[in-house]
Amino acid sequence: LFMKLLSDITNNIRQPAYTFGKPQNPLSDTIYSMVFKVYSTFSGRRFSTDLKIAKESGYAEQKIPYNSMFRYFQKKELTPLLANIVAITSLPLKSVEKDFAIDATGFGTSNFQRWYSFKHGKEISSRKWIKCHFITGVKTNIIPSVKITSEFDSDSPELKELVSKTAEHFDMEEVSADKAYLSRDNMNLIEEAGAMPFIPFKSNATPKPKSSAIWKKMFYYFQLNNEDFLAHYHKRSNAESSVMMIKSKFGGSVRSKKWTAQVNEVLCKIICHNICVVIQEMHELGINPNFSFS
């Protein structure tokens with residue numbers, strides 16, 4: 001069923017116009033191979049058998065050589081395409097999800113970084129990792145939008161893009177996040193998207209006279225109805241469930257060595273997760289998956 005749904009999505013990918021040189025492999029089959037390879041969690045050589053089965057079943061026109069597939073993982077122009085597929089795979093549940101949670105998680109890499117620590121008087125090395133910012137539905141754990149950054153980027157600035165892209169296709173009612181996302185701008189952005197922001201306030205937060213109405217409203221809600229506020233806020237715990245679902249099934253690290261390939265690999269993990277969520281809801285809610293923006 002995963003192979004069929006993935007084929008339904010990738011078959012809509014247009015092949016770039018041929019210009020010069022050796023004809024390229026079909027882009028739809030290449031994207032299919034990339035996502036299916038991440039789903040399998042196998043190496044390129046071991047995955048070739050699965051890809052052969054997909055071709056024989058009619059889900060792919062060509063069996064893409066694994067070395068060619070790895071080269072496509074390194075293409076920057078595929079990153080926005082994969083991010084768009086993340087949004088497409090969430091669409092079957094746009095009538096189900098109303099409340100959302102925002103969080104970030106890290107995926108380990110095989111790359112190391114070294115620096116000299118004057119505090120400890122020796123050279124220290126640590127494994128690099130990449131950061132995945134995401135927004136997830138709290139009912140089904142579907143992920144409508146995601147942003148990949150380096151491990152040193154902060155969480156709060158990424159809220160704007162995550163909320164804006166989700167609001168394009170979902171009717172948002174609540175957005176919960178931890179204190180790392182607390183800011184007046186983020187509060188206003190969530191309200192503009194038609195949702196209520198449930199972000200706990202820090203101990204030094206105050207309702208200043210020039211603060212926006214939504215900041216004051218949620219501040220007094222937090223102070224005077226704390227128990228009810230926290231009942232809404234703790235829907236954020238479902239973000240941890242989404243992380244567990246992804247990492248336990250598709251791994252908490254990436255195999256790729258280069259940055260672009262690592263970003264694309266994480267996006268493929270999210271696509272795999274979304275399709276699995278859709279399959280689950282097909283059986284639980286009886287939905288008919290429609291991967292269309294209309």
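Predicted model: local features only at pLDDT ≥ 70, side-chain atom pairs only at ≥ 80, totals over all residues.
Local features were taken at pLDDT of at least 70 and side-chain atom pairs at pLDDT 80 or more, whereas totals for chains, interfaces and linings use all residues. Residues are numbered from 1 along each chain as its sequence is written, and side-chain values use heavy atoms, with hydrogens and water left out.

The chain has 11 helices and five strands. Helices (H or I, at least four residues) and strands (E, at least two) are DSSP runs, numbered from the N terminus. The C-alpha trace spans about 65 × 60 × 35 Å along its principal axes. The radius of gyration is 21 Å, close to the 19 Å that the globule rule gives for 294 residues, so the chain is as compact as a globular protein of that length. This radius is taken over C-alpha atoms, and the rule is 2.2 Å times the number of residues to the power 0.38. Of the 294 residues, 50% are buried. Buried means under 20% relative accessible area, exposed over 50%, and partly exposed in between (1.4 Å probe, protein chains only). Among contacts (heavy atoms within 4.5 Å) with a separation of 6 or more, 64% join residues 24 or more positions apart.

Helix α1 (residues 2-10) packs against helix α2 (residues 27-40): their axes come within 9 Å and cross at roughly 145°. Axes are lines fitted to C-alpha atoms over the stretch in contact, and angles run from 0 to 180 degrees between N-to-C directions. F2, M3, L6, S7 and T10 of α1 meet S28, I31, Y32, V35, F36 and Y39 of α2. By class, this contact has eight nonpolar, three polar and no charged residues. Ala, Val, Leu, Ile, Met, Phe, Trp, Tyr, Cys and Pro count as nonpolar, Asp, Glu, Lys and Arg as charged, and the others, Gly among them, as polar.

The structure holds zero disulfides, defined as pairs of cysteine sulfur atoms within 2.5 Å. C132 is in no disulfide; its nearest cysteine sulfur, that of C268, is 12 Å away. C132 is buried, at 1% relative accessible area. For C276, the closest cysteine sulfur is in C272, at 6.7 Å, too far for a bond. C276 is also buried, at 16% relative accessibility.

T140 is found in the loop between β2 (122-137) and β3 (145-150). T140 counts as buried, at 5% relative accessibility. Leaving aside residues up to four places away in sequence, T140 touches L93, V96, E97, V277 and E281.
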